[in-house]
Amino acid sequence: MIRTRFAPSPTGYLHVGGLRTALYCYLFAKKNKGQFILRIEDTDQARFVEGAMENLINTLHWVGLEYDEGPNPDGTQKGNHGPYIQSQRNEIYTKYAQELIEKGHAYRCFCTKERLDEMRELQTQRKEAPMYDRKCLNLSQNEIRELIENGTPFVVRQKMPYKLIKFKDQIRGNVQFDGKIVDDQVLVKSDGFPTYHLANVVDDHTMEITHVIRGEEWLPSTPKHIALYEAFGWETPEFAHLPLLLNPDKTKLSKRQGDVAVEDYINKGYSKEAIINFVALLGWHPGGGENQEIYSLQELENIFSIEKVHKTGAVFNIEKLDWFNWQWRKKTYEEETENDPEKKLKALTEYTKNHLNESFTQDKEVLNKALLIVEEKILKDPKEINENIHFFFDLPNYDQELLTHEKMGVDLKQAQASLEACRAALENQEHWSEESIKEALLKKVEELGVKNGQLLWPLRAALTGVQFSPGAFEAAYVLGKKESLNRINSALAKL
RNA sequence: GGUCCCAUCGUCUAGUGGUUAGGACAACAGGUUUUCAUCCUGUAAACAGGGGUUCAAUUCCCCUUGGGACUACCA
């Protein structure tokens, strides 16, 4: 049984890089009929953030990555390898640290921070790799007992075997490190909490994790972990180190250069489908010359493979995310509404409800028509709804220049003639629909022997009073006969 | 500095010991449309460099260069 885990540190929110790691862990597990576990790595008490874990879980839930085992937001936990929150597992770590000391694979270190800093500085000056000098490894049992009895603070350090450590990474292939320059890592801090290295290895083993899938930044500490598995006499899991997500300048994706929290993107209106789709393809591709780019989570679960994960970091490019978002919104909108105006209206109302200027909701009749007219722009960006429809409710003050269009051959004189013709055509309309308006106006175009734009540009401008807007037919239809004629008349008054 | 990882259009990527090196985003140019948007068509754009191996390397190997990660009692 394949078991993967996502093990974030709850520092406030879910990072998009974390999301991708979680996604790949999830996909790999699903693809192989395995299990996906969530574990919270909160051993750093200094970095405790209230509500961070709940937030993380909620975001994971929102994007649809359900885990088989792990903590729930309500404080309960599911699965029988728990607890899944490291701060609740301290006795376990203490026990294993003790075992390591007894076996001679770890030792207590009483060195002060000052001594360590000084040593590091000297080593750096001498251009050596900064490493602990193992001063405390040589303490006698009596000295140790005395120091403990005196209440001297201490940490537990891993005694690295100074040997070559090799392993096969699922993504990178054979990797090896010269153990002689791997530092004696702190395993238990002076506050009694374990560091990542100890907690991680103990948990992955006790939770029966078979595949450790994590970010590339962990590659250099993997030899420490392997040494730990060996010291315990445990079987090492498979490792897969994922390429990094990058800023446009190719450094590791960071807050400084844009939003990194998944919730930022949620708040901006990106759909979970778009976010998952985008992130999935940042560092992975199904291969085989496949050109498809739109994938649902379900599809990804079926085709994901760890061998196809790339080695190179990928720049997080928001423009592409925008495109995915547009594709997915169109797709879901079409599927949901089945081209039924009632359903469309309902969906559009839902999309815009949090962004709409309240005064617009007074006139439901106009609003409903307007929403359908600008559906495409709503799908593009629901936040801009007010800019797209405000003129339906309140004709902006505009300059007479707006009624003209040089390129289209509309000067002031032509504008006046066109508007008068439009007025004449619309005055006689008994039936007020988009189709009938279109028909009447196009007939007028033919009569006058002008180009469409020459008649319609001034009309559209008169009806909307803005540079960019829906077309003249649609605008007239939404406004209704009376208001349309009013606006045409006030435009004529400007000329 | 040390250790490790990496290298195809600006970006995400496909691909192969022999290809016109393919697609997408972005850019640009046309077209449709009454404007914007949408939509359609097209253009430009890449195998980092140098050595090998080979009949033949973008592809395999080595070096260089470049980029990145790590180098905490943070994860």
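**Figure 1. Domains of chain A in the predicted model.** The domain assignment of chain A, whose bounds come from an automatic or database domain assignment, gives domain 1 (3–75 + 245–308), domain 2 (89–242), domain 3 (338–393) and domain 4 (400–494). This is a predicted model, in which local features need pLDDT of at least 70 and side-chain atom pairs count only at pLDDT 80 or more, whereas totals for chains, interfaces and linings use all residues. Residues are numbered from 1 along each chain as its sequence is written, while chains are lettered from A and ligands numbered from 1 in the order in which they are written. Chain A has 20 helices and 13 strands (DSSP runs numbered from the N terminus, with H or I and at least four residues for helices, E and at least two for strands). The C-alpha atoms of chain A fill a box of roughly 110 × 45 × 45 Å along the principal axes.

**Figure 2. The side of domain 3 that touches domain 4.** The C-alpha centres of domain 3 and domain 4 lie 23 Å apart, and seven residues of domain 3 are in contact with nine residues of domain 4 (contact requires C-beta atoms, placed from the backbone, to lie within 7 Å). Helix H13 (364–373) and helix H15 (385–393) each supply at least two residues of this side of domain 3, the largest share, four residues, coming from H13. By class, this side of domain 3 has six nonpolar residues, no polar residues and one charged residue (Ala, Val, Leu, Ile, Met, Phe, Trp, Tyr, Cys and Pro count as nonpolar, Asp, Glu, Lys and Arg as charged, and the others, Gly among them, as polar).

Figure 3. Beyond residues up to four places away in sequence, Val279 touches Val16, Leu19, Arg20 and Leu23. Val262, found in helix H8 (residues 262–267), counts as buried because it has 26 C-beta neighbours inside 10 Å (buried means 20 or more other C-beta atoms within 10 Å of a residue's own, exposed 12 or fewer, and partly exposed in between, with C-beta atoms placed from the backbone). Leaving aside neighbours within four places in sequence, Val262 is in contact with Leu14, Val16, Leu19, Thr59 and Ile275.

Figure 4. The buried residues of helix H6 (residues 196–206) are Leu198, Ala199, Asn200, Val201, Val202, Asp203 and Asp204, and their cover includes helix H3 (90–103), strand S9 (186–188), strand S10 (211–215) and helix H7 (222–232). Just after H6, Glu208 takes a positive phi of about 55 degrees. Met160, in the loop between strand S6 (155–158) and strand S7 (164–169), is buried, with 23 other C-beta atoms within 10 Å. Apart from neighbours within four places in sequence, Met160 is in contact with Gly179, Val182, Asp184 and Ala227.

**Figure 5. The surface near RNA strand B.** RNA strand B is surrounded by 64 residues, of which the closest are Ser9, Glu41, Gly287, Val315 and Gly471 (a residue is near a molecule or strand if its C-beta atom, placed from the backbone, lies within 6 Å of it). Among the elements that each supply at least two residues of this surface are helix H4 (113–125), helix H11 (318–337) and helix H18 (452–464), and H18 gives the most, with five residues. By class, the surface has 24 nonpolar, 20 polar and 20 charged residues.

Figure 6. A cis peptide bond, with omega about -5 degrees, joins Gly82 and Pro83, and Pro83 is found in the loop between strand S4 (77–78) and H3. Lys250, in the loop between strand S12 (245–246) and H8, has a positive phi near 75 degrees and counts as exposed, with 9 C-beta neighbours inside 10 Å. Asn339, in the loop between H11 and helix H12 (341–352), has a positive phi near 65 degrees.

Terms used. Contact = placed C-beta atoms within 7 Å.
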